[in-house]
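Here are a few friendly notes to read alongside the structure. Please keep the view open as you go through the points.

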Amino acid sequence: MKFVCALLFTLNLLTVLPAEEHSFLNNGVTAHRGNSVAWPENTIPAFESGILAGADWLELDIFLTKDGKLVVTHDKTTKRVGDQNRNVSDSTYAELKTIDVATDFRRRKQLTRTECPPQRMPLLEEVLLLVKQQHKTRVSLQPKADCVKEAVALVKRLKMEPWVGFNDGNLNFMTQVKQLAPEMPVFWDRGADTDIAADIKIARQRGFEALVLHYSGITPEKVQQIKAAGLEPGAWTVNDPDLMQQLLKQGVERIYTDDPSLLLALKNQ
């Protein structure tokens, strides 16, 4: 399989609709860091591919740089994904742009630079403007540092409230989202051994829309408790088809996956 990163995802491939004519998908498939099984995670091609695959939500991670830029990356440093090791919050965006964040993906997939050319860390604004060109897929922002205020301000400046939600396990961050933008959905990420009854109580009190549990802790009983409370039950992060089918049979309504095309195929069977 050739990973030609010139994906030809131009704006004319997507129908740009007036803001009042949203027709967002609702299939319970969240493309984790984009379509990251096929493209380097948290890069523009990964998000383009997640949209084209038909996921109803993309998921991405955000940090604030030294010079106040919101960037899309998962780790505190660039060591895992890149060809340099920089601390994101201690670096300027100009410095971070010099890093090839496709390095780890290319190495793991045993690809050449022709098959998978270098990729730079995108600004959150770039990804949001990409998402705004279509009305099928939305994007959930996961703050990996204290930057909720800045992220919400950017979303509002771009008038993108209908396209955006937030997810994370940090209760303070997710509460702040609802304080600043109560209309934006919150997918509250929880661990395998979390106290479901306590989590449901907190989620309802704070206006969250979903509880997303680590897949290893999900049971049919927990799923029914979440549904009975009027919340969406979800699972993170699942790439095995047998496990996907098991979770769907248990009533899980949202699955985070690196392979959205696989999950969509299973759901469409």
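1. A word on confidence to begin with. This is a predicted model, and among the elements of the chain the lowest mean pLDDT, 97, belongs to helix α10 (residues 260-268). Strand β3 (residues 70-72) has the highest, at 99.

2. The chain as a whole averages a pLDDT of 94, and 92% of the residues score at least 70. Please take care with residues 1-17, where pLDDT stays under 50. The model has 37 contacts beyond four places in sequence for that stretch.

3. Next, have a look at a pair of helices. The axes of α5 (residues 148-157) and α6 (residues 171-180) cross at roughly 35° and come within 10 Å. The crossing is right-handed. On the α5 side the contact is made by V148, K149, V152 and K156, and on the α6 side by F173, Q176, V177 and L180. Sorted by class, five of these residues are nonpolar, one is polar and two are charged.

4. Finally, let me point you to E209, in the loop between α7 (196-206) and β7 (210-214).

5. What does E209 touch, leaving aside its neighbours within four places in sequence? Its contacts are K178, M184, P185, V186, L231 and E232. With V186 there is a polar detail to look for: a polar atom of the E209 side chain lies 2.7 Å from the backbone nitrogen of V186. W188 is 21 residues away from E209 along the chain, and their C-alpha atoms are separated by 7.9 Å.

Conventions:
Residues are numbered from 1 along each chain as its sequence is written. This is a predicted model: local features need pLDDT of at least 70, side-chain atom pairs count only at pLDDT 80 or more; totals for chains, interfaces and linings use all residues. Side-chain values use heavy atoms; hydrogens and water are left out. Axes are lines fitted to C-alpha atoms, for helices over the stretch in contact, and angles run from 0 to 180 degrees between N-to-C directions. Helices (H or I, at least four residues) and strands (E, at least two) are DSSP runs, numbered from the N terminus. A crossing is left-handed if the near helix is turned anticlockwise from the far one by less than a right angle, and right-handed if clockwise. Contact means heavy atoms within 4.5 Å. Ala, Val, Leu, Ile, Met, Phe, Trp, Tyr, Cys and Pro count as nonpolar, Asp, Glu, Lys and Arg as charged, and the others, Gly among them, as polar. pLDDT is the predictor's confidence in each residue, from 0 to 100. A polar contact is a pair of N or O atoms within 3.5 Å; within protein, one must be able to donate a hydrogen and the other to accept it, and residues adjacent in sequence count only if both atoms are side-chain atoms.
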